[in-house]
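Here are my notes on the model you sent. Please read them with the structure open beside you.

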Amino acid sequence: MITVAVSTTGNAEELFEALTLAGALPVSAGDESDGAEWSVALVDLRSEPLRQVREAKRIHEDVGCPVVVLIASTQATLLA
């Protein structure tokens with residue numbers, strides 16, 4: 001089973017439900033003590049995008065797992 005660490009400033013319930021339906025085990029990215037067990041981190045940039053970009057970089061540097069970002073179509077320039 002894939003463990004997905006979720007970082008969001010919004011409501012994580014929908015993300016957790018979707019990941020569970022997809023067969024993943026979602027966990028909160030707030031607890032890095034489990035970071036070694038994370039397969040991937042999902043960082044939601046739709047709310048507070050600049051803060052969450054920094055969080056994505058921090059997770060990648062500190063934990064070392066791949067990071068996938070969730071963005072709104074209007075936020076693509078943040079990643080350029």
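**Notes on the fold**

1. T3 sits in strand β1; strands (E, at least two residues) and helices (H or I, at least four) are DSSP runs, numbered from the N terminus. This is a predicted model, in which local features need pLDDT of at least 70 and side-chain atom pairs count only at pLDDT 80 or more, while totals for chains, interfaces and linings use all residues. Residues are numbered from 1 along each chain as its sequence is written, and side-chain values use heavy atoms, with hydrogens and water left out.

2. Is T3 buried or exposed? T3 has a relative accessible area of 14%, so it is buried (buried means under 20%, exposed over 50%, partly exposed in between, with a 1.4 Å probe and protein chains only). Leaving aside residues up to four places away in sequence, T3 touches L25, V27, E37, W38, S39 and V40, where contact means heavy atoms within 4.5 Å.

3. One of those contacts of T3 is E37, which belongs to the loop between β2 and β3. E37 counts as exposed because its relative accessibility is 58%. Ten residues along the chain separate E37 from S47, and their C-alpha atoms are 26 Å apart.

4. The strands form an open sheet of four, in the order β2-β1-β3-β4, with parallel pairing (two strands pair if DSSP finds at least two bridges between them). β2 (25-28) and β4 are at the edges with a single partner strand each, so one side of each has no neighbour in the sheet. From one strand to the next the twist averages 30°; axes here are lines fitted to C-alpha atoms, for helices over the stretch in contact, and angles between N-to-C directions run from 0 to 180 degrees.

5. Some residues can be followed across the sheet. V6 stands opposite S28 in β2, and its bridge partner in β3 is L42. L42 in turn has V68 as its bridge partner in β4.

6. How many residues of β3 are buried? Five of the five are, so β3 is largely enclosed by the rest of the structure. V40, L42 and D44 point one way from the strand, and A41 and V43 the other way. In a regular strand the side chains alternate between the two faces of the sheet.

7. Helix α2 (residues 49-62) has 14 residues, and at 1.5 Å a residue it should span 20 Å; its end C-alpha atoms are 20 Å apart, which agrees (the expected span is 1.5 Å times one less than the number of residues). Q52, V53, E55, A56 and I59 are buried in α2. They cover an arc of only 160° around the axis, which puts them on the same side of α2; the arc is that of the directions from the helix axis to the C-beta atoms. On the other side of α2, L50, R54, K57, E61 and D62 are exposed.

8. The cover over the buried residues of α2 includes β1 (3-7), β3 (40-44) and β4 (67-70). α2 runs at about 170° to β3. Just after α2, G64 has a positive phi of about 85°.

9. The largest nonpolar core has ten residues, including A5, W38, V53 and C65 (such a core is a set of buried Ala, Val, Leu, Ile, Met, Phe, Trp, Tyr and Cys residues joined through side-chain atoms within 4.5 Å). α2 gives the largest share of this core, three residues. Apart from it lies another core of seven residues, among them V4, L15, A24 and V40.
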